[in-house]
Amino acid sequence: MLEKLDCDTAKEVLTIISYCNKSILNKIPQEVYTKLVSLSAESNKDIYIDKSKPLYNQNLSEDSLEVFSLIYYNYVAEDYEKNKIVDTWVTNN
Amino acid sequence: MNYSSYSIDQLMDNKYYSEICNRFLSLATDEETQKKLESILYKGGYGEYSFSTDLSNKDNPSIELRRRISMAYLLVNNPATFDYLVDNKINVFHGTNANALPGIIKYGVRSAKDSLKNGVEVVTGEKSTMFHTRSFISFTDVLDIAEDYSTLPATRDNELYSFEVVVGITKSTVEKLGHKTIFSDVSEIGIPTTVVPEDISVLLVPSDKVDFVRKMTNGKIKVLAVDNINEKFYFVDDFYRIYFNEEKYQSLKNGEPKSNYELTGVKETVLSRTATSIKEHLNKFKELLQVKDDEDVRKARL
C-alpha cells in the first residue's frame, strides 16, 4: 500500500468529483481542489468515464474510490449521515 | 469596419451558405442578437473583433465560412461567452479534453516535444506522429476546428467520455510568442513554445463543468461555457458542403435544456468501503489536506 497520494490517484479522484452534482462540488474546500490539481498535473494517465456505468463499476483504482470516500465522509456527508457511513464501514469488515 | 478579405458574395458562392445564414437568423430571439448574427455571418466580425487573424498560411472563402458559422453557433448557445471573446479579442483556439486540464492549469499548454522532454507522456491532442514529435502547439482561428479536436475520443470506444475543453488566446499573445508556418489542410497556427497559464485568456468548457473548472483554476484563468459542441445542427465536410440535422436544429430552436451528466452510484460506492481499507488510506487523505490532526476522523472512531 502506498503511503503517499500518487498523481494518478489524485487525477482519478479529481475526475470523480468533476462528474458529481453541484451539492458535492460546493462542499469540498478549495485547498483540496488545489492540491488535487497540483498532483494530477504530474499524471500521465488518460481517465475516461463510462456514462452507462455507476461509479463503483467504473475503470478506476480502489485507491481513488477510498480517497474519494474519505473526502465525501469528511466534507459532504451531513452529521446524521456520518454515523451511518461509519457503522456501514465497520459492518462491511 | 473591414473584418475579412472575403466578401459575402464570395461566401454565397457556396450554395449552402445562404441557407445556414437563414437558419441562424431565424434563431435570433431579439434585435441585438439578430444584429450580431448579421455582422458575424455577412461581415466576419463584430465591433472591433475580427474572427480572421491572418496568422495562418491557409485561408480561403470556405475556411472563412466555417469561421463565421462557428461563431454564430457560439452566439446562439452561449451569448455571454461570445461577448467575452469579442470584448477581449480572443480569436485563437486550441481544442483538448479534461485530461489535459491539470497540466494546463499548472504549466500551460505544452507541445508534445516539450512534454516528452519533461517526462510527461502526451495524453491529448498533441500526440506525436508515428515518426516524429511535434515541436509546436497547434492553434486555429476557426473555433469549429478547435471544438472538433476537443471531442476526438482518445480511444475507439465511444462510450468513454472526457469533457471538452477549448483554450482561447488572443492574436497579440500569438504574436508575442511567435508562430510557425504549418502546412495543413486546415487553418492552423503553430506556436513553438509553451503557452503558460498567464497567457491563456479563457478556458471554455461545458456549462455544467464551469463551476468545477473554476475551482480547479482558483481564479488563475477565466472559465466560461461552451455548449452543445456535439449537438451541432450542421456538419461541414472536407469539400465545404454543409449538411443539416433537422432534429438538432429544432432542439436548438425550441431552446431545449442542455443535458447534464452526473455519475450515479456515488453514495453506494462510499458505503461499500470497509473500515480496514479506509484506515489504510487515511495517510493519503491527510496528505491531501496536509493536516496532522483530523478531528472528524478521530470522532468517527477510525
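The largest pocket holds about 1200 Å³ of space. A pocket is an open set of points on a 1 Å grid over the protein atoms alone, with protein on both sides within 12 Å along at least five of seven lines; lining residues have an atom within 4 Å of a point. A volume is the space filled by probe spheres set on the points, which are joined across faces, edges and corners. The model is predicted: local features need pLDDT of at least 70, and side-chain atom pairs count only at pLDDT 80 or more, while totals for chains, interfaces and linings use all residues. Residues are numbered from 1 along each chain as its sequence is written, chains are lettered from A in the order in which they are written, and side-chain values use heavy atoms, without hydrogens and water.

The lining of the largest pocket comprises 49 residues. Nearest its centre lie Asp227(B), Asn228(B), Ile229(B), Glu231(B) and Lys258(B). H11(B) gives the most to this lining, with five residues.

The second largest pocket contains about 470 Å³ of space. Its lining has 17 residues; Arg66(B), Asp144(B), Asp148(B), Phe235(B) and Val236(B) lie nearest the centre. H8(B) supplies the largest share, four residues.

Helix H3 of chain B covers residues 31–43. Helices (H or I, at least four residues) and strands (E, at least two) are DSSP runs, numbered from the N terminus. At the start of H3(B), a side-chain oxygen of Asp30(B) comes within 3.1 Å of the backbone nitrogen of Glu32(B). After H3(B) comes Gly44(B), with a positive phi near 85°.

Key
The expected span of a helix is 1.5 Å times one less than its number of residues. A polar contact is a pair of N or O atoms within 3.5 Å; within protein, one must be able to donate a hydrogen and the other to accept it, and residues adjacent in sequence count only if both atoms are side-chain atoms. On a 1 Å grid over the protein atoms alone, a cavity is a set of points where a 1.4 Å probe fits but cannot get out, and a pocket is an open set with protein on both sides within 12 Å along at least five of seven lines; lining residues have an atom within 4 Å of a point.
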